[in-house]
Amino acid sequence: MTEPLLRADGLVKHFPVLRGVVFRRAVAEVHAVDGVSFEIAPGETFGVVGESGCGKTTVARLVMRLVDLDDGTLTSDGEDITRVRGEALRKLRLKMQIIFQDPFASLNPRMTVGDIVGEPLHIHNMWKDGGPRRVRELLDLVGLAAEHAERYPHEFSGGQRQRIGIARALALHPKLVVCDEPVSALDVSMRAQILNLLKHLQEEFGLTYLFISHDLSVVRQVCDRVAVMYLGQVVEVAERDALFDRALHPYTQALISAIPIPDPELERKRRRIVLQGDVPSPQDPPRACRFHTRCFKAQEICEQIEPELEQRCDDHPAACHFAEPRAPVVESPA
Amino acid sequence: MTDVTYFDPERDSARPVIAVEDLVAEFRTEAGIVRAVDGVSFDIAQKEVFAVVGESGCGKSTVALSVLGLLPQPAGRIAGGKVLFRGEDLVSASPARLRQVRGDRIAMIFQDPLSALNPTIRVGEQIAEVFRAHREIEPKVAWEQAVELLSIVGIPRALARAKDYPHQFSGGMRQRVMIAMAIALRPALLIADEPTTALDVTIQAQILEVLLDVRERFDMAILLITHDLGVVAGTADRVMVMYAGKKVEEAPALDLYRTPKHPYTWGLLGSTTRVDRPRTGSLPQIPGSPPSLLVPPPACRFAPRCPRVQPICRTDYPELRKVDVGQVAACHFAQDPGWGPAPEEVPA
Ligand SMILES: Nc1ncnc2c1ncn2[C@@H]1O[C@H](COP(=O)(O)OP(=O)(O)OP(=O)(O)O)[C@@H](O)[C@H]1O
Ligand SMILES: Nc1ncnc2c1ncn2[C@@H]1O[C@H](COP(=O)(O)OP(=O)(O)O)[C@@H](O)[C@H]1O
Ligand code: SF4
Ligand code: SF4
Ligand SMILES: [Mg+2]
Ligand SMILES: [Mg+2]
């Protein structure tokens, strides 16, 4: 394999749960990310998928070095970036940018669109050489008009705001763009537009994406490889088609089977795996296999021995004692 | 318990539970009058799941709030039309009568159950309160019924959990509590506005099962509002598609997906990501975004985004026309033979 653009090795992040009014003290820990490893090759779109609270956003923030790791290492282009600070971190930001889920909260309402998109250029002292021209260029790239530069975010719809966020992320010619649920807040029609735009930009600039989503149908549309997370851990990693055709982990199988399909005949015929109950609290994750409280295949061993994330077939690791395909995951109309 | 059902099978099963006729609902805003719902009609039969779909802002919630007489005041008002509940017009009903119907015969659940539950009262107590408000009933019996409802909607250890407060429940469990409360009085119609939009798919699947189960159990009709055509496919009997305050298509679920007749409907279908079909490089997309309702496009409101637009679409309003049994579409060309999406618009 070519040198990965980004390598995450054993990432750990726990957040303290604070109690008390005068003396705030930690009474527990949220195991937001608990030993997550993956590699992203240049030019690929690597997906991270899982239910809310499983640690996806925390992975994004760790990768972006917006929060510090408790443990693990991050390597970019062969260089250790786990603890870079100051000037080195600023340099890193030239290479890595992020697009957030909420196009309403992530744009400063008091700045014009032009200022928002141009802000990274100011921060990195690049405004002088052709800043305004670059802003026009960026707006054009994401399908907005030059005159939009004078307006404020509230004058735009959700889809357009997401375009503004994308333009800002591209300002510095990054190599890696972390997309944290970039279309989750959007309607289907806006969703299709933004997904197509991201794809187009990737082809045009050879971008690499870390694409985070809770929606497997979106992940399938855009990602080349996918990691499935459950309660702070990766439970399966696979190439896209392998994941959707031959998912090995019971959790992945359940997730895929729960995706509604817009076809009444098919939808009413499907055998769905309905998981019991909710995701347990990440403050006190179940022991051994964290999925055993909801797993339809759980055996005694699952509560005693933690399954390793190990290769099951070619490049397809899964963390389950009983990993095997359950075909067909999505039945086709026979 | 005195079993007060106003439902008389002989009298009622033949006619719709609710019939909305030519509903017009408006909001006064600083920028002018927004006509959020503009001449919409539909009816829902006994035990039927009727879905309303469309993009954000197209008027789905406004339809629901109009049916309940709950448009936000003073901005909102029903400016025309009728809402007939078993033949009785609720638009002209007295506030007292409306309160009586609401909660008792027609109940509603929302996307965000936390905003609808009282944070300081145990959930069992809140459900029991519904009985006490509408029925003469012993407190002890009301409590027992509340516990039973919690177990009907699938809350484990209902007896113990009835004593918990809303914040002690997860999002999915709170939605179950909301459903328990809404069905307490066996309403004839349950309105569910995006009941699963905030939930993960695994939890969404559970909640949809609960909804279908209670409709079966209590012969309830359901008005299901959602923007997700996947959710609609597995649950709805009939579907109405709205665009910019107008009804643009209505059909039995099967026909809507198999032979959509309005370009907006097939635009929505085409742009939906799905896991059961071969992937296409790029997704079909509807260009542009929905219009402002302050100055909607003249004639066909979809014309600025429609791939099939013709000059007539910008001058003449396309009335709804019948295209098949139970299927209507508001497009000038809906009755043309062979009218429908091209293969690249909705990949098969
Ligand atoms: N209280 C209000 N005051 C003014 N305008 C309103 C109000 N509530 C809704 N509207 C307007 O009415 C129109 C329809 O809104 P509605 O909430 O019914 O849409 P919706 O289809 O339910 O959308 P969503 O999918 O976002 O829930 C929109 O243009 C909206 O901005
Ligand atoms: N700053 C924080 N302080 C405390 N807990 C946090 C913080 N950020 C995230 N968490 C918790 O960590 C877990 C994972 O969160 P997150 O990474 O946001 O998940 P996801 O993006 O998959 O929904 C959740 O239980 C969340 O509440
Ligand atoms: S290890 Fe056991 S509990 Fe965990 S996913 Fe596999 S079968 Fe299920
Ligand atoms: S009437 Fe014309 S613009 Fe409107 S949906 Fe039909 S073809 Fe498109
Ligand atoms: Mg998140
Ligand atoms: Mg709404």
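The model is predicted, with local features requiring pLDDT of at least 70 and side-chain atom pairs pLDDT 80 or more, while totals for chains, interfaces and linings use all residues. Residues are numbered from 1 along each chain as its sequence is written, chains are lettered from A and ligands numbered from 1 in the order in which they are written, and side-chain values use heavy atoms, without hydrogens and water.

**View 1. Surroundings of ligand 2 in chain A.** The shell includes F15(A), V30(A), E51(A), K56(A) and P282(A); a residue is near a molecule or strand if one of its heavy atoms lies within 4 Å of it. Oxygen atoms of ligand 2 also lie 3.0 Å from a backbone N or O atom of G55(A) and 3.3 Å from a polar backbone atom of C54(A). Of the 560 Å² of accessible area that ligand 2 has on its own, the protein covers 66% (Shrake-Rupley method, 1.4 Å probe; for residues, only the protein chains shown count as cover). Helix 1 of chain A contributes the most to this shell, three residues; helices (H or I, at least four residues) and strands (E, at least two) are DSSP runs, numbered from the N terminus.

**View 2. Surroundings of ligand 1 in chain B.** Ligand 1 is surrounded by 14 residues, the closest being S56(B), G57(B), K60(B), S61(B) and T62(B). An N or O atom in the side chain of T62(B) is 2.4 Å from an oxygen atom of ligand 1, and one in the side chain of S56(B) is 2.5 Å from an oxygen atom of the ligand. G57(B) places a backbone N or O atom 2.7 Å from an oxygen atom of ligand 1. The protein covers 65% of the 640 Å² of accessible area that ligand 1 has on its own. Helix 2 of chain B provides the largest share of the shell, three residues.

**View 3. The four-stranded sheet of chain B.** This open sheet has the strand order 2-1-4-5 with antiparallel pairing (two strands pair if DSSP finds at least two bridges between them). Strand 2 (32-44) and strand 5 (88-89) of chain B are edge strands with a single partner each, so one side of each has no neighbour in the sheet. Eight antiparallel bridges join strand 1 (residues 18-29) and strand 4 (residues 76-85) of chain B, and E21(B) has K82(B) as its bridge partner in strand 4. Helix 2 (residues 60-68) of chain B lies across strand 1, strand 2 and strand 4, at about 110° to strand 1; axes are lines fitted to C-alpha atoms, for helices over the stretch in contact (heavy atoms within 4.5 Å), and angles run from 0 to 180 degrees between N-to-C directions.

Terms used:
Polar contact = N/O pair within 3.5 Å; in protein donor to acceptor, adjacent residues only side chain to side chain.
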